[in-house]
Amino acid sequence: MTVPPSAPRVMGIVNVTPDSFSDGGRHAGVAAAVEHGLRLVEQGADILDVGGESTRPGAEPVDVVEEIARTVPVVEGLRARWDGPISIDTMKPEVARAAVAAGATMWNDVAALGWSPDAPAVAAELGCEVVLMHMKGEPRTMQADPRYEDVVAEVTDWLVARAEAAMAAGVARERIRLDPGLGFGKTAAHNLLLTARLDRLVAAGLPVLYGASRKRTIQSVDPTATDPLDRLGGSLALALEAARRGAAIIRVHDVRETVQALKLQAAVTGAGLSPRPV
């Protein structure tokens, strides 16, 4: 019997921001954010991703001191009560260093270690897992008419080049993960094509993180889904498609529902690969 592929790990989102596109302000306090993260663990999250700066289209930057003040106490609070993987979602090496010192084990960087010249060396120094994400432009302007000749090839080639730069700086290959960056300088058509051909990025040989939870691409297909909270069905559909095409990590808001969907997908796949009952 063929062994079915392993299910991806589920990364639960813990936003500590007042202005995130989906849940800004809902868990902005340290205690609320920690409790939210622990609820996500109870629901089946394998990884928690703590972010203190919104990267939604048009978002304004947050200074280093403020971002550390928002995120590090949350990382400390989670680490005191949970021993699983904690990710820090930041572009800034100073924030990553402070978060890892507080207990984070992964650096999820939407700038792919490109925000600061020091970033690759800091990632090597920290020795944590590193997610390199593709973003065309920067959050304030990235959705201003993004264009590509071949979005799948360009995103894949760019991420492979960033991985090579990280390894040249001393980051171990086995620590690197790639993220195509859905919604970061991409139209809905780009996002759908990147999903449909995610196996092209997976074929680069590094684990792929996929995040489409509650994103506006869902509204492009279902115009009634104007509220991000009304995009659960679309989020699950995209998560299952990404898992089918080889994603290693799925980043989501709705952990319980995603975990259940992935379990059923794996069960159906396993049933289809089993010998027929006699």
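User: Hi! Which residues is Tyr 210 in contact with, leaving aside its neighbours within four places in sequence?

Analyst: Hello! With those neighbours set aside, Tyr 210 is in contact with Leu 182, Thr 195, Leu 198, Leu 238, Ala 242, Ala 247, Ile 249, Ile 250 and Arg 251. Contact means heavy atoms within 4.5 Å. This is a predicted model, where local features need pLDDT of at least 70 and side-chain atom pairs count only at pLDDT 80 or more, while totals for chains, interfaces and linings use all residues. Residues are numbered from 1 along each chain as its sequence is written, and side-chain values use heavy atoms, with hydrogens and water left out.

User: OK, and how many residues does the largest nonpolar core have?

Analyst: That core has 62 residues, and those with the most contacts inside it are Trp 107, Leu 132 and Tyr 210. Its largest share, six residues, comes from helix H5 (residues 151-168). A nonpolar core is a set of buried Ala, Val, Leu, Ile, Met, Phe, Trp, Tyr and Cys residues joined through side-chain atoms within 4.5 Å. Buried means under 20% relative accessible area, exposed means over 50%, and partly exposed is in between (1.4 Å probe, protein chains only). In soluble globular proteins, nonpolar side chains tend to be buried together.

User: New topic: the sheet. In what order do the strands come?

Analyst: The eight strands form an open sheet in the order E6-E5-E4-E3-E2-E1-E8-E7, and the pairing is parallel. Strand E6 (176-179) and E7 are the edge strands, each pairing on one side only. Two strands pair if DSSP finds at least two bridges between them. Strands (E, at least two residues) and helices (H or I, at least four) are DSSP runs, numbered from the N terminus.

User: What does E8 pair with?

Analyst: E8 pairs in the parallel sense with E1 over four bridges, and also in the parallel sense with strand E7 (residues 209-210) over two bridges. Val 10 stands opposite Ile 250, and Leu 209 stands opposite Ile 249.

User: Which way do the residues of E8 point?

Analyst: Ile 249 and Arg 251 point one way from strand E8 (residues 249-252), Ile 250 and Val 252 point the other way, and all are buried. In a regular strand the side chains alternate between the two faces of the sheet.

User: And E3?

Analyst: Ile 86 and Ile 88 point one way from E3, with Ser 87 and Asp 89 pointing the other way, and all are buried. E3 runs parallel to E2, joined by four bridges, and parallel to E4, joined by three. Ser 87 in E3 is the bridge partner of Asp 49, while Trp 107 in E4 is the bridge partner of Ile 88.

User: Let's switch to H2. How many residues does helix H2 have?

Analyst: Helix H2 (residues 64-81) has 18 residues and reaches 26 Å from its first C-alpha to its last, close to the expected 26 Å. The expected span is 1.5 Å times one less than the number of residues. At the start of H2, a side-chain oxygen of Asp 63 reaches to within 3.1 Å of the backbone nitrogen of Val 65.

User: Which parts of H2 are buried?

Analyst: Glu 67, Arg 70, Thr 71, Val 72, Val 74, Val 75, Gly 77 and Leu 78 are buried. The buried residues of H2 pack against strands E1 (9-15), E2 (47-51) and E3 (86-89), and against helices H1 (30-42) and H3 (93-102).

User: Where does Pro 73 lie?

Analyst: Pro 73 lies in helix H2. Because its relative accessible area is 29%, Pro 73 is partly exposed. Leaving aside neighbours within four places in sequence, Pro 73 is in contact with Val 30 and Ile 68. Pro 73 and Val 30 are 43 residues apart in sequence and 6.5 Å apart in space, C-alpha to C-alpha.

User: Last one: is Leu 113 buried or exposed?

Analyst: Leu 113 counts as buried, because its relative accessibility is 3%. Leu 113 is in the loop between strand E4 (106-109) and helix H4 (119-126). Its phi is near 60°, a positive value in a residue other than glycine.

Technical notes:
Polar contact = N/O pair within 3.5 Å; in protein donor to acceptor, adjacent residues only side chain to side chain.
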